[in-house]
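This briefing goes through one structure by topic. Please have the sequence and the coordinates open while reading.

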Amino acid sequence: MAFTATDPIKMIFAVILPPLGVFFEVGFKGHFWLNIILTWISHSTSASTALRL
């Protein structure tokens, strides 16, 4: 896969908000929705741990 001019922007979004980075790469396909679910699971578990402490 060749490196394009928009790749740095996609990388920044992938770090800041992973579902947005996936959306820019594949659109509203299965990978996007899987990423939404995994991001929500990760956020909910880390938030609950932080609240418990």
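The model is predicted. The protein has three helices and zero strands, and from the N terminus on its elements run α-α-α. The radius of gyration is 14 Å, well over the 10 Å that the globule rule gives for 53 residues, so the protein is more spread out than a compact globule.

**Overall form and surface**

- Along its principal axes, the C-alpha trace of the protein spans about 45 × 20 × 15 Å.
- Of the 53 residues, 13% count as buried.
- The accessible surface of the protein comes to about 4400 Å², and 76% of that surface belongs to carbon and sulfur atoms.

**Aromatic pairs and cluster**

- With ring centres required to lie within 6.5 Å, the count comes to six aromatic pairs.
- One of them joins Phe23 and Phe32: the ring centres are 5.9 Å apart and the planes stand at 65°, so the pair is edge-to-face, the class for angles over 60 degrees.
- Phe32 also pairs with Trp33, and here the centres are 4.8 Å apart with the planes at 75°, so this pair is edge-to-face as well.
- Phe23, Phe24, Phe28, Phe32 and Trp33 form one aromatic cluster.
- Phe23 is partly exposed, with a relative accessible area of 29%, and Trp33 is partly exposed at 45%.

**Nonpolar surface patch**

- Leu34, Ile37, Leu38, Trp40 and Ile41 make a nonpolar surface patch of about 530 Å².
- Leu34, one of the patch residues, lies in helix H3, which covers residues 30–52.
- The relative accessible area of Leu34 is 47%, so this residue is partly exposed; the exposed class would need over 50%.

**Asparagine 35**

- Asn35 lies in helix H3.
- Asn35 has a relative accessible area of 19% and is therefore buried, since the class takes values under 20%.
- Which residues does asparagine 35 contact, leaving aside its neighbours within four places in sequence? Asn35 is in contact with Pro18, Pro19 and Val22.

Methods: Residues numbered from 1 in each chain as written. Predicted model: local features only at pLDDT ≥ 70, side-chain atom pairs only at ≥ 80, totals over all residues. Heavy atoms only, no water. Phe/Tyr/Trp six-rings, centres within 6.5 Å; stacked < 30°, edge-to-face > 60°. Buried < 20%, exposed > 50% of the residue type's maximum accessible area, 1.4 Å probe, protein only. Patch = residues over 30% accessible without salt bridge, like charges linked within 9 Å, V, L, I, M, F, W, Y side chains within 5 Å. Areas by Shrake-Rupley, 256 points an atom, 1.4 Å probe, with all protein chains shown as cover. Salt bridge = Lys/Arg side-chain N within 4 Å of Asp/Glu carboxyl O. Helix = DSSP H or I, 4+ residues; strand = E, 2+ residues; numbered from the N terminus. Contact = heavy atoms within 4.5 Å. Rg over C-alpha atoms; globule rule 2.2 N^0.38 Å.
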